[in-house]
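Here is a short briefing to read alongside the coordinates.

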Amino acid sequence: ANPNVRIVGLSATPYRLGSGSIIGKDTILKRICYEVSVLELIQQGHLCPLVTKSSAVQADTSKLHTRQGEYIAAEVESLMDQDNLIAGAVQEMIAQGADRKSWIVFCAGVVHADHVRLALCEAGIPAGLVTGETPRQERDRIIEQFKAGKLRALCNVNVLCEGFDHPGIDLVALLRPTKSAGLYYQMVGRSF
């Protein structure tokens with residue numbers, strides 16, 4: 001309507017789960033004007049350095065199928081929702097997070113997330129859970145409890161990947177495999 005209008009978009013992760021890149025000839029954002037890498041921001045002191053730990057207990061993803069470049073969600077949840085994997089993950093979170101106060105946990109599905117939350121609580125770690133099915137007021141209340149330090153861990157299923165910011169997060173647990181670089185960056189980016 002107005003050929004003089006200019007649109008500028010700012011994003012830490014220019015990818016979206018369902019559509020991929022937000023930049024392209026058929027999108028509202030046509031090109032990147034300025035780009036800086038995570039490594040550069042870490043080196044400049046704007047982001048904390050990532051310290052990754054490979055899990056001692058790992059799921060075999062070789063039999064998972066893919067659809068549109070990502071693992072099929074139901075298969076991922078079935079694979080990850082095993083007692084030994086959950087127990088191993090909880091033990092590792094406790095060991096790695098002994099001096100950490102605010103954990104965000106990305107789970108493979110609603111049932112898996114509830115099992116992880118229960119295992120954390122049984123291990124003495126106050127944990128909450130938010131999913132797409134959590135009513136808005138309840139979700140807001142749980143997130144506020146997490147931000148206030150009343151919950152040490154917050155389990156979620158594709159809810160806190162984009163747009164959720166809490167500077168106190170000092171441990172990110174990825175309990176769901178992904179083939180999506182965008183989703184991976186969204187999840188680990190919650191700790192920046």
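Patches are made of residues with over 30% relative accessible area and no salt bridge, where like charges are joined within 9 Å and nonpolar side chains (Val, Leu, Ile, Met, Phe, Trp, Tyr) within 5 Å. A salt bridge is a side-chain nitrogen of Lys or Arg within 4 Å of a carboxyl oxygen of Asp or Glu. Accessible areas come from the Shrake-Rupley method with a 1.4 Å probe, and for residues only the protein chains shown count as cover. With those terms in place, V5, I7 and I28 make a nonpolar surface patch of about 300 Å².

This is a predicted model, in which local features need pLDDT of at least 70 and side-chain atom pairs count only at pLDDT 80 or more, while totals for chains, interfaces and linings use all residues. Residues are numbered from 1 along each chain as its sequence is written, and side-chain values use heavy atoms, with hydrogens and water left out.

**The nonpolar patch**

- I7, one of the patch residues, is found in the segment before β1 (15-16); helices (H or I, at least four residues) and strands (E, at least two) are DSSP runs, numbered from the N terminus.
- I7 has a relative accessible area of 52%, so it is exposed (buried means under 20% relative accessible area, exposed over 50%, partly exposed in between, with a 1.4 Å probe and protein chains only).

**Helix α3 and its surroundings**

- Helix α3 covers residues 83-96, 14 residues in total, and reaches 20 Å from its first C-alpha to its last.
- That span is close to the 20 Å expected at 1.5 Å a residue, where the expected span is 1.5 Å times one less than the number of residues.
- The buried residues of α3 are L85, I86, G88, A89, V90, E92 and M93.
- These buried residues pack against α2 (73-80), β5 (103-106), α4 (110-122) and β8 (171-174), with contact meaning heavy atoms within 4.5 Å.
- In the loop between α3 and β5 you will find S102, which is buried because its relative accessibility is 5%.
- Not counting residues up to four places away in sequence, S102 touches F146, R152, H166, G168, I169, D170 and L171.

- β5 and β8 run parallel and are joined by four bridges; two strands pair if DSSP finds at least two bridges between them.
- Within this pairing, V105 stands opposite A173 in β8.
- V188 has its place in helix α6 (residues 181-188) and is buried, with a relative accessible area of 9%.
- Leaving aside its neighbours within four places in sequence, V188 is in contact with V172 and L174.
- V188 and L171 are 17 residues apart along the chain, and their C-alpha atoms are separated by 9.3 Å.

**Salt bridges**

- D99 and R100 form another salt bridge at 3.4 Å, N to O; D99 is exposed at 58% relative accessibility, and R100 is partly exposed at 33%.
- R136 and D140 meet in a salt bridge at 3.9 Å, N to O.
- Both R136 and D140 lie in helix α5 (residues 136-147), four residues apart, about one turn of the helix.
- R136 counts as exposed at 55% relative accessibility, while D140 counts as partly exposed at 38%.

**Positive phi outside glycine**

- Q68 is not a glycine, although it has a positive phi of about 55 degrees.
- Q68 is found in the loop between β3 (66-67) and β4, and counts as exposed at 82% relative accessibility.
- N158 is also a residue other than glycine with a positive phi, near 55 degrees.
- N158 lies in the loop between β7 (153-156) and β8, and is partly exposed, with a relative accessible area of 42%.
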